[in-house]
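Me: I'm new to this one. Can you walk me through it?

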Amino acid sequence: MTNLDDDQLDHAHEVADFDAFFAEQAEPEPRGVELKLYGRTYTLPGSLPALFTLQLHRVQHSARPDDIRRLLASLFGPDAVDHWAERGMSDRHLGIVLLWATANVAEPGAVSMERAAQLYDEREQAKAQGKARPRPAKPKGSKPNGSKKPRSSGKR
């Protein structure tokens with residue numbers, strides 16, 4: 001992909017000008033929902049930032065603190081996670097806050113704190129049950145590789 005400067009734009013034919021398009025479509029940014037946590041008040045953005053959405057896909061399976069910190073900074077500010085960790089926030093509380101925040105950024109009032117806690121607990125319970133499923137029992141006398149042929153010593 002090539003970037004064109006203003007001089008080159010004069011010679012180009014029909015450039016898709018997203019700057020002008022988005023300026024025409026601009027609506028006032030909705031004020032985000034506020035929440036109070038560990039003595040601080042946070043105001044969520046009026047819509048999910050693109051950075052949050054991109055980072056969410058990247059860190060879905062990451063447990064690296066820097067990845068999580070970067071993701072949450074786009075919603076709560078750069079030092080929120082450190083502040084919460086210093087105050088002893090549990091992973092359950094973090095999960096509840098995230099569920100609540102992401103639901104309420106999209107649609108303020110969509111999920112109560114109680115409902116976010118319930119959803120978090122249900123999700124964690126489902127995960128635990130998924131991990132605890134017993135493996136089917138092997139029939140007696142079956143070989144590990146599934147063959148019915150007796151093993152040989154390898155000697156001829």
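Predicted model: local features only at pLDDT ≥ 70, side-chain atom pairs only at ≥ 80, totals over all residues.

Me: How do S1 and S2 run, and how many bridges join them?
Reply: They run antiparallel, and four bridges join them. S2 covers residues 40–43. The hairpin has two residues between its strands, and Tyr38 there takes a positive phi near 50°.

Me: Zoom out. What is the overall secondary structure?
Reply: Seven helices and two strands. Along the sequence the pattern reads α-α-β-β-α-α-α-α-α.

Me: What share of the residues is buried?
Reply: Of 156 residues, 21% count as buried.

Me: Now the largest nonpolar core. Which residues touch the most other members?
Reply: Leu35, Leu37, Tyr42, Leu44, Phe76, Trp84 and Trp100, out of 24 residues in that core.

Me: What does Leu44 touch?
Reply: Leaving out residues up to four places away in sequence, Leu44 touches Gly32, Val33, Leu35, Leu75, Phe76, Trp100, Ala101 and Val105.

Me: Switching to charges. How many salt bridges are there?
Reply: The whole structure has nine. One of them pairs Arg40 with Asp79, with the closest N and O atoms 3.2 Å apart.

Me: Why does that pair tie together separate parts of the chain?
Reply: Arg40 lies in strand S2 and Asp79 in the loop between H4 and H5, so the link joins parts 39 residues apart in sequence.

Me: Is Arg40 buried, exposed or partly exposed?
Reply: Partly exposed, because its relative accessibility is 30%. Asp79 is partly exposed too, at 39%.

Me: And what about Glu86 and Arg87?
Reply: Their side chains meet in a salt bridge, 3.5 Å from N to O. Glu86 is exposed at 61% relative accessible area, while Arg87 is partly exposed at 43%.

Me: Which residues are linked in a network of salt bridges?
Reply: Arg64, Asp67 and Arg70.

Me: Last topic, the surface. Which residues form a nonpolar patch there?
Reply: Phe18, Phe21 and Phe22, with about 330 Å² of accessible area together. Phe21 sits in helix H2, residues 18–25. Phe21 is partly exposed, at 37% relative accessible area.

Key. Residues numbered from 1 in each chain as written. Heavy atoms only, no water. Patch = residues over 30% accessible without salt bridge, like charges linked within 9 Å, V, L, I, M, F, W, Y side chains within 5 Å. Areas by Shrake-Rupley, 256 points an atom, 1.4 Å probe, with all protein chains shown as cover. Salt bridge = Lys/Arg side-chain N within 4 Å of Asp/Glu carboxyl O. Buried < 20%, exposed > 50% of the residue type's maximum accessible area, 1.4 Å probe, protein only. Core = buried A, V, L, I, M, F, W, Y, C linked by side-chain atoms within 4.5 Å. Contact = heavy atoms within 4.5 Å. Pairing = 2+ DSSP bridges.
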